[in-house]
There are 2 protein chains.
Amino acid sequence: MTDRWDEVRDVDRRNSLGVTAPKGFWAGAAAAGVRDGQAGRTDIAILYSEVPAAAAGMFTTNRVRAAAVEATEARIRQQRRLQAVVVNSGNANACTGEQGAADVLTMQVLTADLFGLDAGDIGVASTGVIGVPLPMDRVSKGIEEAAKKIRDDGGRAFAEAILTTDTYPKEAVRQIEVDGRPVAIGGAAKGSGMIHPNMATMLAFLTTDAAVDPVFLQEALRRAVDASFHCISVDGDTSTNDTVLLLANGMAGNRPLTPEHPEWDVFVGALTETAVDLAKAIARDGEGATRLIEAAVEGAGSAEDARRIAKAVIGSSLVKTAVYGADPNWGRILCAAGYAGVPFDPSRTDIYIGDVCVCRGGAAVPFDEEAARRVLRGDPVPLRLVVGEGAGRAVAWGCDLTERYIEINAHYRT
Amino acid sequence: MTDRWDEVRDVDRRNSLGVTAPKGFWAGAAAAGVRDGQAGRTDIAILYSEVPAAAAGMFTTNRVRAAAVEATEARIRQQRRLQAVVVNSGNANACTGEQGAADVLTMQVLTADLFGLDAGDIGVASTGVIGVPLPMDRVSKGIEEAAKKIRDDGGRAFAEAILTTDTYPKEAVRQIEVDGRPVAIGGAAKGSGMIHPNMATMLAFLTTDAAVDPVFLQEALRRAVDASFHCISVDGDTSTNDTVLLLANGMAGNRPLTPEHPEWDVFVGALTETAVDLAKAIARDGEGATRLIEAAVEGAGSAEDARRIAKAVIGSSLVKTAVYGADPNWGRILCAAGYAGVPFDPSRTDIYIGDVCVCRGGAAVPFDEEAARRVLRGDPVPLRLVVGEGAGRAVAWGCDLTERYIEINAHYRT
C-alpha cells in the first residue's frame, strides 16, 4: 500500500486509481455490446478483492427494484461480506420477472467460477433500459473478458464501463492513517441522468483497505451516504436500480474499526469526503446541466431540517431554471425553502447568491444585480440561506435545468 | 335564477358567466397597470355577492405566505363569511413584510367603503412577482374602477383579470336541484404556471347560490379540492399565494345544506365537478405544455394510495418528457409509481396507454408501438395503471414538459 502511494505522487494519476487505490483491489472491463449498436463501448465491469471484504450496501427505496438490487441486498444482509462485484451498463435488468433473477444468478456463478469463489461472494449491479431481458450470451462473454483484464490499477476502466449518459467518469480517492498505517478509500460512481430509453440510475462503489468490523461498516456507509448521495438531485426521479456498495478488505492491517476505535471518526469523515466528491460529480453531470448548484443552509433547528430545506432549493425547477438563465430571482429560493416541510421563520431568513445578499429578513434588499448574475453564471453556483439562529446546517448539490434535458429525455428514441 | 338559466341556453355563453352564474353574484375588472408596461391588460378583479355569503377557503401550505393569504384565512376562520373578494394579478404581495399586510388592509377598507360593507367582509387574493411592494396608488384606482364596472354577468371579465402567464381564462359552471330549486355553482381559476419573474400561483374562486351551513361549507370545499386541485401538478413548486375560496350566498332559497340533507352528496358532487373542470384547465395550460396527461390508477389499497401513485406519475419529469416526445416508455411510468411511497406489488401491475396494454404483471408485453404513439400525441393523454385488486382508485392531471417551459422560466427576465 505504502509502495503504491509512494509511486503515485501525481494527484491525477492517484485519482485515476479510483476503486483500485486501496490495497488488494483489482478491476477490469470489457465491451460486450450490451447496448445494441454501441459495441465499441465498455459495458461490463468487475471489481475484485484479493481477500474477502466486509461489505455494506444501500439500495433504492423504489418499490420497483431491479433483480440485481434484490440479490445483492439479500447477500449483504445475510453475510456482510463480498469478494467481487460485477456490473453491467446498458440494461437495468428491471421489470424482467423470474428471467431477470435467473440472469443475476448466472452472472454471479460465472464470475465466481472465474475467480474460484462462491456465487454468494459476488455482488451485482445493473443500469440501463428497463423491461428488456439481458442479452446473456454477450454478458457472459463480457464477464469472461473483463475477468481476464483485471489489474491492480484498473479503477479508471471500471469507472468508464459503468457510465451511461454521463459525460465523464466519476472517481474519488482519500488517504488517512489508522493505527499509524496508511489507509486508502477509493470510489467510482455513475450519474443520475436518465438513460436511453428509460431511467435515472445512480451506482456508486466505495473500496477501502481498512479493516472495519462488518457490523459497523453499514453504519459508516449510512453516515457517508446521508451527507453525500442523499443530498443530491437531478430530477427527483428515484430509480429502480440505485445501489451504493462499500467493500473493506482489511489489507491495511489496522485493528478493525468500530465506533470505539479512536480513529473511527477520521475514517467515517474520509469516507464521507470520498462519497461527497462522487455525489458532486454526479450532480454537476446531470443530464443537460451546465453547472453545479451548491445550496448551503444555516441556522435551522437541526441538521435534518437544514438538509430538507437545502434539498428543496436544489430540487426546485424554478430555482434550476433561474440559475440556468442567471436570473437572481431570490423569491424562487425562499419559496422552495417554504415548502420543504420544515419549521422556520421566513421573516428572519437571509439569502445570499455567492457573497451578494439578495434578501434580508425575508424581504427585498437593494443589491448589485450584475454581481449576482456573475455568480449565477459561474460554476459552481453557491447559494446560502440563513434561516434563523439554530445550530442546524447542511449542504445539498444539484444542477441547472436546460432545454437539453428536455431534448435528451423527450426525443432520445424518436 | 331560473330566469337567468332559461335565458342562457347556449353552453358557451353559460360557461362564460363563470363565478356570476349563481344568483346574486356580480363581478367586474379594471386595468390598473399593476404590471409595469402592460397597462392595457386587466389586473384588478372584484367578486361581489348581493347578500353576505357563507365562505370557506383553502390556502397554500408553504411556510412563506403572502399577506393576502394570512388576512383572508384569518377572516374565514373567524367568521366563515365574506361578501366580496378583491383580487390583483401582476404582484404577489409576498415577502413584503408589514407594508404588505398594511396594503391588504387598505385593499379591504377601500373595497368595503365602495360597497357599504365592513372591511372584514372582504377577501383578498394576489398573484405575481414576489418581494416587490404593491403599487398602491394604481391598485386603489383600479379597485374604484372595477367596483364601478361590476355586472351580474361579469364572470368572464373576472376570469380574465386574474390571469398571469395563462393562455386562456378558466371557468366552469354546474347546475343542480336542491329541494326542488335550481342551484348553480360557478368557478374561475388561474393556472399554476410560473409567472414573471418568480412564482407559480394557483387561485380559484367558487360561487354558489345554494344555502349551505357555514360549518359544513369548509368540509364540502375540502372534499372538492382533494379530488381536483390536489390532484394536479405542473412543476411541483407550491406557491406562496395558492388560494381557493368558496362563497355560498343562499339565494337559491333551499334549506341550508348539511351532511344530513338528502342532496348533500349531489351538491358536493357538482362542486367537485366544477373544481375538476378548473383543475384540468390549469393542468392543460401549464407553462410550455402542449397537452393534458390524465393518469388513472385502479386496484390500490385505498383511494389515497391510488392518488399518491397517480400524482407521482403525472409529477415525474421522465413521464412528462416521454409524453412530449410521444415515447411509450412504460418503464418510466412504473418507476414513478414505485417511488410514490405506497405499498403495491409491481409484479401484479398492468399499464395502459389509452387502450394499448404496454406492461402486464410488471413486465414487458408485445404491443403496437405506433398505436401507443398515436395516443401519446393526442390530447388528453390517458394513462391507466392497474396496481392490484384493491378498491382504491383515483385520477390525477398533469401536463407534458417541453423546451418552452425552460425558455419561459430561464430567460423571462434576461
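**Exercise 1. Locate A:Cys95 and decide whether it is buried or exposed.**

Solution. A:Cys95 sits in the loop of chain A between β3 (81-91) and α4 (97-115); helices (H or I, at least four residues) and strands (E, at least two) are DSSP runs, numbered from the N terminus. The model is predicted: local features need pLDDT of at least 70, side-chain atom pairs count only at pLDDT 80 or more, and totals for chains, interfaces and linings use all residues. Residues are numbered from 1 along each chain as its sequence is written, and chains are lettered from A and ligands numbered from 1 in the order in which they are written.

Next, count neighbours. A residue is buried if 20 or more other C-beta atoms lie within 10 Å of its own, exposed if 12 or fewer, and partly exposed in between, with C-beta atoms placed from the backbone. A:Cys95 has 28 other C-beta atoms within 10 Å, so A:Cys95 is buried.

Last, take the backbone angle. Phi of A:Cys95 is positive, near 60°, and the residue is not a glycine. Most residues other than glycine have a negative phi.

**Exercise 2. Work out the strand order of the open six-stranded sheet in chain A and find its edges.**

Solution. The order is β14-β13-β12-β15-β11-β16, with mixed pairing; two strands pair if DSSP finds at least two bridges between them. At the edges stand β14 (363-364) and β16 (392-399) of chain A, each with a single partner strand, so one side of each has no neighbour in the sheet. Helix α9 (residues 303-315) of chain A packs on this sheet and touches β11 (292-300), β15 (381-386) and β16 of chain A. Its direction makes about 20° with that of β16(A), where axes are lines fitted to C-alpha atoms, for helices over the stretch in contact, and angles run from 0 to 180 degrees between N-to-C directions.

Within the sheet, β12 (residues 350-353) and β13 (residues 356-360) of chain A pair antiparallel over three bridges. A:Tyr352 has A:Cys357 in β13(A) as its bridge partner.

**Exercise 3. Describe how domain 1 and domain 2 of chain A meet.**

Solution. Start with the bounds: domain 1 covers 2-284 and domain 2 covers 292-410, as given by an automatic or database domain assignment. Their C-alpha centres lie 32 Å apart. Then list the contacts: 11 residues of domain 1 are in contact with 13 residues of domain 2 in chain A, contact being C-beta atoms, placed from the backbone, within 7 Å. On the domain 1 side, helix α8 (residues 264-284) of chain A gives the largest share, four residues. That side divides into six nonpolar, three polar and two charged residues. Here Ala, Val, Leu, Ile, Met, Phe, Trp, Tyr, Cys and Pro count as nonpolar, Asp, Glu, Lys and Arg as charged, and the others, Gly among them, as polar.

Technical notes:
Contact = placed C-beta atoms within 7 Å.
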